[in-house]
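Dear colleague,

I am handing over the structure below, and my notes on what was found in it follow directly after. Please read them with the model open beside you.

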Amino acid sequence: MIGAKIHRREDPKLVTGHGTYVDDIQQTGMVYMSVVRSAQAHAKIKSIDITEASKSPGVVAIYAARDFKGVINGGLPVTESLIADKKYVPNQFPIAETEVVYFGEPVAVVLADERYQASDAAEKVQVDYDPLPVVVDFEKAMQKGSQKSHSDGPDNIAWDVEFPGGDIEAAFKEADVVVKERIIQQRVFPLSMEPRTVIANFVPFTNQLTMWSSTQVPHFVRIFMCFGLGVPESQIRVIAPDVGGGFGSKLRPYPEEYLAAAASKLSGRPVKWVEGRTENLQATTHGRGHIFDIEVAAKKDGTLLGLKVTNLSDNGAYVGVFGALQSALALLLAPGCYKWKAVHGRTVGILTNKMSTDPYRGAGRPEAAHLVERAVDLAAHELKMDPADVRLKNFPAENEFPFTNALGMVYDSGAYAKTLEKAKSLVGYDELRKRQAELRKKGRYMGIGWSTYVEICGVGPSAATAHVSGNLSLVESSVVRVHPTGSVTVAVGTHSHGQGHETTFAQIVADTLGVPYEVVEVHHGDTGDTPFGYGTYGSRSLAVGGVSIYKSCQKVVDKAKKIAAHALEAAEEDVVFDQGRFHVKGSPDKAKTMGEIAFAAHLPGLPEGMEAGLEAVTYFDPPNFTWPFGAHVCVTEVDPETGAVEIQKYVAVDDCGNVINPMIVDGQVHGGVAQGIGQALFEEVQYAEDTGQLKTGTLLDYSIPGIGEIPSMDLDRTVTPSPTNDLGVKGVGEAGTIAASAAVINSIVDALSPFGIKHVDMPASPDRLWKQIQEARK
Amino acid sequence: MKHKVSTTVNGRRHEHEVEPRLLLVHYLRDNLGLTGTHIGCDTSQCGACTILVDGKAVKSCTMFAVQAEGKSLTTIEGMAKDGQLHPIQQAFWDEHGLQCGYCTPGFIMAAAYLLEQNPNPTEDEIRKGLEGNLCRCTGYVNIVKAVQTAARTMGGAEAKPAERARAGR
């Protein structure tokens, strides 16, 4: 089963409309919550008048910060411990009390019997503000004497950390060429198709809270509901049923989860909150939001020497739960898959009056790949070398693994030249270059862009993550239970919201236990029947969670083998386990199946001293991250008269180690690439510089790629197993996004190089390119 | 003030008294319990709420329930018949045309209308026909394939059912 294209068992219910997303669930006596949000980006709250709103039909209650003060303890989990070398990290209470610091911040909540009644009443809540200076430009915000995003803060600096790697000045001294560039990673909306939704049912007197939440991390949410509401974790059940996408935006506890739970406690009613899309754009975390100033030093022959990176991170008003982690990842991976002599990084986290930035598919790695892949192309351009050749010259060879990058990260395994060569032949590189030259003579501008990325998956080994994650050890868990009649239940701490875990995890179990795939049931997303886990993000579910399942299965096999030996009256070391059957060496005909052993495990007559039952638990803490890699090539043509970009071909050769289900892996690459293309060509969150209002506040003003804008793709793979886990897997959930933006932008820059254009910012919209071409033609 | 609305949904007649401002999508979801029709935006861009109204694909967030008076509606729940998936549903499954599944009902309904209008669409026609629907997971690659496969399956004699390795459950 491992490696087989198995059609997803998740799909029949989803294609027939029988999925269960949170808004599909009703509770008896349930009320709807509508959140009154700040219309100001930065202001003092003078008063909140609920007189009119209270008279609105169906209103059950209206609560503001003062009502939640005694019910919600502390703030959101952006504690000081989450950020090494922190400077100013303001505490975030889930609802503003005296000062609002971003447009869309909750200021009150309304509970009403019906959906529309809650919205009606929310509109009647009168909030009187006293405006304060608004901080939008994050580069200006880091200057001394800048206006402050929080009036009581010392300044806007959340952190300022350096990442030194090698003798950077010596590396630059050796250089024949030095190239500088500013790479902007614009803010984008993660924009899962299902907005966030919560139902909280706090049962009075018994103090039990059941919460349904559209989240990637049900166990994580439970912990913070426990801290926030002072309810023992054992009395809280968090259920993330079918979740309509997350892309990193649903991997933290949110204000509305606290508010719904507290409102349920205050009102004694189950409370449902459904985020509208407009609300989602204001109040669900944004992705990216960085500036990277880079300097590249190289030798004449194409040898890459040194890379200096200064990262400015636009945190928004509150540091994202994983905000600092993203900048750290962006810098630690900035060396990419190249043998730099030295790399120096610095990151400054900056507070502004905007929504928080937090992970969005890739979380730091797309930023890293984009900057280093641009850096290599900039150097190649300066040296008049083919960008593919510069890459090949600077890759570590296969026998140099494990390879330690200039900042000390240890890459497990890699065959970088192999993916590049494969992509070269798939795209027909040499022919394309010839064609490009011919087209240029005719005044047509075709470009070929490379992105040979390496990324970091399997987040994460406690030894590496503890110091950047508030002393968390990001283990993942599984319980594998073989029932008396031989069917198997697997309960996991990860959560699937499109990744197809119910299928792939069952494939792993079926193979490892030697039982039919059909009898394996995978449970996830309900803290009531799954072991504690950190959830799904960072391409970790297979490389950490999946390996945990494999290990649990091995423990089950070990016990089953003892029972089999007893039943077969043989010594354990003489018993062979082969495809679900135990037999004594040399007598394969007289075998016991896993099903028979499972039955025996629940009956008398077990080996002396052995407990009944056949199940195992594993909490897996991996020894290292995993390091997938690949080579993407994008072919574009730019129309110089309109600035329009046409993607003519997209080739992706990825290596995510061993593959459990190739169909699902391809699907992950498709979707990832589409999001990378979205950022490269279309997407950008915009706030008004003067007021901090969200200008891209609906899907009318912000476009994600539609079906006409994403090309078909040519995918291929190489397989370089990870040596650090039993399955040899690496992870693939984010690879496409990590690779794609650089491939697209490098392609556009290549297309426009005859104009002397060396760099293009994202999104490379027609108007931006047209202006740049006009400028270049002067 | 409430208005009476009577509709036929997936072949079954319904009568309700509703507020005139009630959106058709909320009527389907909250009054009829047909939660397969999803809501992904509030400006009629995403198409997650697409259903058939008298056979025509309509974003059900763009209609009031009262405007559906006397009309025949088909939602995603009405597509599978006698325990058999509709060929478009089968094709989305076979071609891995969905991941999180949230946009999927809308795509299937929009595809149903497209194939009804044009049983043998080119890739460009598929992309044009489905431009009112957004998906954030699949990059659309396998959605296009699914519609091509469905067109073949629904086309009759020359159609070959898609190879299914192991459907599992």
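Strand 1 of chain A is covered on both of its faces, with V31(A), M33(A), V35(A) and R37(A) buried on one side and Y32(A), S34(A) and V36(A) buried on the other. In keeping with this, seven of the seven residues of strand 1 of chain A are buried. In a regular strand the side chains alternate between the two faces of the sheet. Please bear in mind throughout that this is a predicted model.

The partners of this strand come next. Strand 1 (residues 31–37) of chain A pairs in the parallel sense with strand 12 (residues 271–274) of chain A over two bridges, and within strand 12 of chain A the bridge partner of V31(A) is V271(A). With strand 5 (residues 106–112) of chain A, strand 1 of chain A pairs in the antiparallel sense over six bridges, and here Y32(A) stands opposite A112(A).

These strands belong to an open sheet of seven strands in chain A, whose order is 3-5-1-12-9-10-11 and whose pairing is mixed. Strand 3 (59–64) and strand 11 (236–239) of chain A each have a single partner strand and stand at the edges, so one side of each is left without a neighbour in the sheet. On average, and with direction ignored, neighbouring strands of this sheet are turned by 20° against each other. Helix 7 (residues 218–229) of chain A lies across strand 10 (208–213) and strand 11 of chain A, and runs at about 145° to strand 11 of chain A.

Chain A also has an open sheet of three strands, in the order 4-2-6 and with antiparallel pairing. Its edges are strand 4 (99–100) and strand 6 (126–131) of chain A, each of which has a single partner strand, so one side of each is left without a neighbour in the sheet. Strand 2 (residues 43–49) of chain A is joined to strand 6 of chain A by six bridges, the two running antiparallel, and I45(A) stands opposite Y129(A) in strand 6 of chain A.

Leaving aside neighbours within four places in sequence, I48(A) is in contact with A64(A), V107(A), A108(A), V125(A) and V127(A). The C-alpha atoms of I48(A) and D128(A) are separated by 6.4 Å, although the two residues are 80 apart along the chain.

Turning to the helices of chain A, helix 11 (residues 365–383) has 19 residues that should span 27 Å at 1.5 Å a residue, and its end C-alpha atoms are 27 Å apart, which agrees.

Not counting residues up to four places away in sequence, V509(A) touches V480(A), V488(A), V490(A), V520(A), I549(A) and C553(A). In soluble globular proteins, nonpolar side chains tend to be buried together.

As for chain B, it has five helices and five strands, which follow the pattern β-β-α-β-β-β-α-α-α-α along the sequence. Its radius of gyration is 16 Å, close to the 15 Å that the globule rule gives for 169 residues, so chain B is as compact as a globular protein of that length. The C-alpha trace of chain B spans about 55 × 35 × 30 Å along its principal axes, and 56% of the 169 residues count as buried. Among contacts in chain B between residues at least 6 apart in sequence, 59% join residues at least 24 apart.

Finally, the contact between the chains takes 48 residues from chain A and 50 residues from chain B. On the side of chain A that touches chain B, the elements giving two or more residues are helix 1 (11–15), helix 9 (277–283) and helix 19 (662–681) of chain A. Helix 19 of chain A gives the most to that side, with six residues.

With best regards

Methods:
Residues numbered from 1 in each chain as written. Chains lettered and ligands numbered in written order. Predicted model: local features only at pLDDT ≥ 70, side-chain atom pairs only at ≥ 80, totals over all residues. Contact = placed C-beta atoms within 7 Å. Helix = DSSP H or I, 4+ residues; strand = E, 2+ residues; numbered from the N terminus. Expected span 1.5 Å × (residues − 1). Pairing = 2+ DSSP bridges. Axes fitted to C-alpha atoms, helices over the stretch in contact; angles between N-to-C directions. Rg over C-alpha atoms; globule rule 2.2 N^0.38 Å. Buried ≥ 20, exposed ≤ 12 C-beta atoms within 10 Å, placed from the backbone.
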